[in-house]
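Dear colleague,

I am handing over the structure that you asked to see, and below it I describe what was found. Please keep the sequence and the model open beside this message while you read.

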Amino acid sequence: MEELRIILAKALEKRRLLSENIYLKKQLSDKYGFANIIGNSPAMQNVFKLMQRIIKTDSTILIMGESGTGKEIVAKSIHFNSPRQDRPFVAVHCGAIPETLLESELFGHTKGAFTGAVREKIGKFESANHGTIFLDEIGTMPLHLQIKLLRVLQEQEIERIGSNTTRKLDVRVI
């Protein structure tokens, strides 16, 4: 009898969590709908048209604009209205991460790869696998990391710092 009560409680909790998950995904979809982006200018109307065309593709996207113009909101709208909406959206503000840590943050590292690497760590690209990664301020990224980024864009693969193993990824880069 006690086992049956435990099984029922677990089933009810699973059902509650699934319902909450569906609700939260709907909230995200509503929050990042195109209608929530303000702009009536011809330039913004053109952005909306472009967004409608690219949401169904897996193309890499370059969004350009001044700081504070809403690049991240556009990136989130693209992600949460795309087939990848149920997958991770990872935003990385490259300009806010010290150059010495940026490579590890993006690509991860193995235990012992450098002083202080006491455990294996996955990077932001692996965290975004099957989803979308938004790289803000990539112009501040050092040249050697831009080269590694180019490899990700061309080959859809990474290597963690200290590893010789190539890891294939399925990630949309914005």
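**Aromatic pairs and their surroundings**

Phe 125 counts as buried because its relative accessibility is 0%, where buried means under 20% relative accessible area, exposed over 50% and partly exposed in between, with a 1.4 Å probe and protein chains only. This is a predicted model, in which local features need pLDDT of at least 70 and side-chain atom pairs count only at pLDDT 80 or more, while totals for chains, interfaces and linings use all residues. Residues are numbered from 1 along each chain as its sequence is written, and side-chain values use heavy atoms, with hydrogens and water left out.

The structure holds 2 aromatic pairs; rings of Phe, Tyr and Trp (its six-membered ring) pair if their centres lie within 6.5 Å, and planes under 30 degrees apart count as stacked, over 60 as edge-to-face and the rest as tilted. Phe 107 and Phe 125 are a stacked pair, because their ring centres are 5.5 Å apart and their planes stand at 10°. This pair links distant parts of the chain, with Phe 107 in helix α4 (residues 99–107) and Phe 125 in helix α5 (residues 124–127), 18 residues apart. Helices (H or I, at least four residues) and strands (E, at least two) are DSSP runs, numbered from the N terminus. Phe 107 is also buried, at 1% relative accessibility, and the charged end of Lys 148 sits over the ring of Phe 107, 4.8 Å from its centre; for this, NZ of Lys or CZ of Arg must be within 6 Å of the ring centre and within 35 degrees of the ring normal.

The structure's aromatic pairs also include Phe 80 and Phe 89, a tilted pair with 6.1 Å from centre to centre and 40° between the planes. Both Phe 80 and Phe 89 are buried.

**Salt bridges**

There are 11 salt bridges in the count, each a side-chain nitrogen of Lys or Arg within 4 Å of a carboxyl oxygen of Asp or Glu. One of them joins Asp 170 and Arg 84 at 2.7 Å, N to O. Asp 170 lies in the loop between β4 (166–168) and β5 (172–173) and Arg 84 in the loop between α3 and β1 (89–93), so the pair ties together parts that are 86 residues apart in sequence. Arg 84 is buried, with a relative accessible area of 7%, whereas Asp 170 is partly exposed at 33%. Asp 58, Arg 84 and Asp 170 are linked in a network of salt bridges.

Lys 76 and Glu 72 also meet in a salt bridge (3.6 Å, N to O), and both lie in helix α3 (residues 71–80), 4 residues apart, about one turn of the helix.

**The backbone and the whole chain**

Most residues other than glycine have a negative phi. His 130, although not a glycine, has a positive phi of about 75°, and His 130 lies in the loop between α5 and β2 (132–136).

The secondary structure of the chain comes to 6 helices and 5 strands, and from the N terminus on the elements run α-α-α-β-α-α-β-α-β-β-β. Buried residues make up 34% of the 174 residues in the chain.

With kind regards
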